[in-house]
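Please open the model in a viewer and keep the sequence alongside.

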Amino acid sequence: MVELDHEFSNGKPVEQNWETILDLERLVPCVEGGSVTETTTPDSVKAQIKVKMGAMSLTYRGTVTVVEQDPNQHRAVLQVKSREATGQGHANADVAFSLSDGGGKIHTAAQIAGKAASMGEGVMVSVLDALINNFTEKLSAL
């Protein structure tokens, strides 16, 4: 399991940040290579992501679901479950958002298996870290 913590600031009110993270149609494309392929419920979408790891390019398909919401604390947990499009591997993650006025914190707990894991934990962590940093930049622009 890989666990990462990130902070972001965007100068926006907490209510606006709250609405943004619960809007999966807008949120998922903030992940580099991420796209929504189908909205299944207001709290769940089918999605895919194309990830580059060194010379390797992987496509994962799966779901992103809001599994916890606490509007009073402005805390939400999104669950990502995905499988390699061509392979046996998977990438699953619980992504916890704790929001405040002007930004928030993101805690990511990911389990990755298959081709991506074979690259080694250092490569996985650096790729995941770069994805999340890029995500927070795009999130700030919403």
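Begin by selecting S44 and T65: their side chains make a polar contact at 3.1 Å (a pair of N or O atoms within 3.5 Å; within protein, one must be able to donate a hydrogen and the other to accept it, and residues adjacent in sequence count only if both atoms are side-chain atoms). The model is predicted, so local features need pLDDT of at least 70 and side-chain atom pairs count only at pLDDT 80 or more, while totals for chains, interfaces and linings use all residues. Residues are numbered from 1 along each chain as its sequence is written, and side-chain values use heavy atoms, with hydrogens and water left out.

Is S44 buried or exposed? S44 counts as buried because its relative accessibility is 10% (buried is under 20% relative accessible area, exposed over 50%, partly exposed in between; 1.4 Å probe, protein chains only). Beyond its neighbours within four places in sequence, S44 is in contact with L24, T39, V64 and T65 (heavy atoms within 4.5 Å).

Next, select residues 44-53, which form strand 3, where S44 is found (strands are DSSP runs of E, at least two residues, and helices runs of H or I, at least four, numbered from the N terminus).
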